[in-house]
Amino acid sequence: MEKRLSLLGATGSIGIQALDVAEKLHWPVTAMAAGSRVLPFEEQIRKFSPRVVAMADENAAADLKVRIADLPVKVTAGTEGLCEVASVANADMVLNSVMGVAGFLPTLAAVEAGHDVALANKETLVAGGAVVTDACQKHGVKLLPVDSEHSAIFQCLQGCPPHGKAKKLILTCSGGPFFGKTKADLEAVTLEQALAHPNWSMGLKITVDSATMMNKGLELIEAKWLFDMDPDDIDIIIHRESIVHSLVEYEDNSVIAQLGVPDMRIPIQYALTWPERVPSPVKPLSLAEAGKLTFFAPDHETFPAINLCREAIKRGGLYPAAVSGANEQAVALFAAGKLPFAAITPLVARILEHPWGAADSAEAVLQADRDSRQLLLELAGERV
Ligand code: NAD
Ligand code: MG
């Protein structure tokens, strides 16, 4: 069943775990891409011997080229380079774990090259869901979810009646580091506190998104596109232990859930080996050790980000792309110490006050992303 992989976002949290999975499966990695960190990427290239690599940052790519001049590897740069890695002919499958909307064009490039895509980069679907799903249909390509909740739903739908029979998708949400806090408590939150996720160790942006709960809103939109589900039929439930990864409610009110220890190597591996299952290095789940599983309704007053995203996807068109772009910009400002945590969601919400057009092309999606970032910067500037 061996598949040759192309991996984008190799140096990130998901990328590193994906390489661990590929190594244990003894699968070759024929192409790899990363953002700007040369040294860890060089180490990965020397270990996995891909034939084509790309770095988003042009200077980093130039530096890398010199450092690996002794290897038979083609080094490319920028979005074009990432797209070349995504569409490389000698790969059977692409895993996209780039952070942010930078993953959108590479996903499209992979789809247009006819490669199935294991998708961790949720911003691809949040910003450009219509464009990407249309391209998948046109090219007969599958999107395999890597995000743990979406992998869980995908697993719950296996072997069941066609998913038209699924009445509801229920996404679980850990609640993040600020579960139980009030709006007032969130006023003085620091970056360090926002990055202290209780159950998962992840990249910066998704960790901050988990703290604002924007991540769950983005996942709601991601689920709409992956499973062609009406957003009104997608529920969110807080589950502190991150053991039940999500659930599907069928027409007969039977609910099927997927459980496991919180380790991304399970959903990564399933996206790669589907429809087969193979042994995993992840430890088995001990329910006795877990003791109890708890569930709570989300606190939408303290964390309005879920409803903000629900509103964006209901309006459709470029609204989700605008929310995604503005949020990415707001998180970058927060990480740079230029915006308080509590301002992120209210500022992103103001993006909805503007008219956004139809999501009828990749260019339109990227333009909305750029415009919404600019608007967010202006709105953030007005605060001071
Ligand atoms: P990360 O920040 O740890 O890694 C991101 C990777 O993308 C790195 O390799 C980085 O070099 C690369 N990158 C960053 N900016 C880039 C750019 N402009 N162009 C090209 N490459 C760039 O992030 P992560 O936590 O691994 O998350 C990656 C994606 O997977 C995100 O979309 C996230 O929402 C999703 N995801 C992550 C997890 C998790 O557990 N980490 C779980 C579910 C979904
Ligand atoms: Mg998730």
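In E5, which residue is the bridge partner of Leu-5?

Analyst: This is a predicted model, in which local features need pLDDT of at least 70 and side-chain atom pairs count only at pLDDT 80 or more, whereas totals for chains, interfaces and linings use all residues. Residues are numbered from 1 along each chain as its sequence is written, chains are lettered from A and ligands numbered from 1 in the order in which they are written, and side-chain values use heavy atoms, with hydrogens and water left out.

The bridge partner of Leu-5 in E5 is Met-93. Strand E1 (residues 5–8) and strand E5 (residues 93–96) run parallel and are joined by four bridges. Helices (H or I, at least four residues) and strands (E, at least two) are DSSP runs, numbered from the N terminus, and two strands pair if DSSP finds at least two bridges between them.

E1 and E5 belong to an open sheet of seven strands with parallel pairing, ordered E4-E3-E2-E1-E5-E6-E7. Strand E4 (74–77) and strand E7 (143–145) stand at the edges with a single partner strand each, so one side of each is left without a neighbour in the sheet. On average, neighbouring strands of this sheet are turned by 20° against each other, direction ignored.

Helix H4 (residues 78–86) lies across E1, strand E2 (29–34), strand E3 (52–55), E4 and E5, where contact means heavy atoms within 4.5 Å. H4 runs at about 150° to E3; axes are lines fitted to C-alpha atoms, for helices over the stretch in contact, and angles run from 0 to 180 degrees between N-to-C directions.
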